[in-house]
Every structure is written in structure tokens, then in C-alpha cells.
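The report below is meant for a reader who is meeting this structure for the first time.

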Amino acid sequence: MTVTLRPATTGDLMLVGALHQRSRVAAYSSFLPAAALAEPTGAAMGSYWVERWTWEHDDHRMTVAERDGRLVGFSYLGPDDEGDPGTGLLNAIHLDPAERGRGTGRQLMVDALEAMRSRGWSRAVLWVLRDNARARAFYERGGWAATGQIRDERIGPVAVPQLRYGRPLCGSPDVTARRDGPAGPAG
């Protein structure tokens, strides 16, 4: 019944895609129309991760969480998309919807923060959907704060505002999140 974290392999990516799609639907269905969440399918998301990993595996890190040998979550991090060499970007934490509230998201966040710190980054940032209140609360409990930056991401035909969050990486990980929420593409 314990969760294990391990580096992802290329063999995990199709399962990651299917989980990513389930997580998005569960996390975003309260504020996005069903049509926006119908595509991409889990298989298409798996293909997306296979393609993305082909280009990013040298400077990005994906960690998968398994419970009883079954994939239940993942995190993905890499360099800041705005080019700040001292900053890491937490691209995503996603959980299987049944895994919410079990501490797995917190484990993935702590692991990601440690990985960023070990790369020498002094700051971490992420993007979270503005209307994803559960994910925003999850990150805020983990020591993240909104930076004031906003951008739009397209999910299907809908332009969805995202907020940028940041936190320092100095010292030990000050992660106090007690419950998991769907993080959405921090994706």
C-alpha cells in the first residue's frame, strides 16, 4: 500500500499519457466544458509524452509514482521556460483521480523540489490554471506563491488563463501540504 517514486522510462510514457488525460478531466471538469476535455485522448497524450521525452530527456526529469505496482502519478520538471538559469520549472504533477488525498502529490512535490535543488537551482516556478482552485491551494500549502504573471493556454477550443507561481529552493523543502489536489499542467 506504499507509494514508490522512481525515474520514468520510455516504457511508462503511454501509461503516463492515459493518466494525464484522466487527471485533466477530473481536475478541470468543474470549470471547462466537456468538449474542451474530450481531446486529446489518453492514447494521444501518451504519444505526446513519447515525442516530448524524445526531445527533452537530456535536461528534464520525469518521476512516476506507483502504488502496488500501478502507476498513480507523475511529476515533470526542467529548466525555466523563460530562460532563467537559476530557476527550475515544475511542468506538471498529475495524479490518478482515485489517488487524491493520499499524500502522493505531496511526495511528488517534495521529490521535485529536491531534484531542482540538487541541480543547483535557487528558485522554482510553475504555471497553474487560474480556475483550478484545488491545485492552487495544494501549491500554496506547499510554500508556493503567485508571482503576478498571467498567460493563456489553449485547452481544446478554450483559452484558459494560467497564473505563475514561484518559491525559493534554499534550505529544506518547506512543504506542508496535507492533502493532494490535481495539479494540472503546472501543468
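A polar contact is a pair of N or O atoms within 3.5 Å; within protein, one atom must be able to donate a hydrogen and the other to accept it, and residues adjacent in sequence count only if both atoms are side-chain atoms. The model is predicted, with local features needing pLDDT of at least 70 and side-chain atom pairs counting only at pLDDT 80 or more, while totals for chains, interfaces and linings use all residues. Residues are numbered from 1 along each chain as its sequence is written, and side-chain values use heavy atoms, with hydrogens and water left out.

Buried means under 20% relative accessible area, exposed over 50%, and partly exposed in between (1.4 Å probe, protein chains only). Helices (H or I, at least four residues) and strands (E, at least two) are DSSP runs, numbered from the N terminus.

| Residue | Relative accessibility | Class |
|---|---|---|
| Glu39 | 53% | exposed |
| Arg52 | 18% | buried |
| Arg164 | 3% | buried |

Glu39 is placed in the loop between α2 (34-38) and α3, and its C-alpha lies 8.7 Å from that of Ile155, although 116 residues separate Glu39 and Ile155 in sequence.

Arg52 belongs to helix α3, and its side chain makes a polar contact of 2.6 Å with the side chain of Tyr48. When residues up to four places away in sequence are not counted, Arg52 touches Tyr76 and Asn91 (contact means heavy atoms within 4.5 Å).

Arg164 sits in strand β7 (residues 158-168), where its side chain is joined by polar contacts to the side chains of Asp80, at 2.5 Å, and Asp81, at 3.2 Å. Leaving aside neighbours within four places in sequence, the residues in contact with Arg164 include Glu82, Leu89, Trp127 and Gln149.

**The pairing of α1 and α3**

Helix α1 (residues 13-28) packs against helix α3 (residues 42-56) at an angle of about 125 degrees, with the axes 7 Å apart. That angle makes α1 oblique to α3, since angles under 35 degrees count as roughly parallel, over 145 as roughly antiparallel, 65 to 115 as roughly perpendicular and the rest as oblique. Among the residues that make the contact are Leu13, His20 and Arg24 of α1, together with Met45, Trp49 and Trp53 of α3.

Terms used
Axes are lines fitted to C-alpha atoms, for helices over the stretch in contact, and angles run from 0 to 180 degrees between N-to-C directions.
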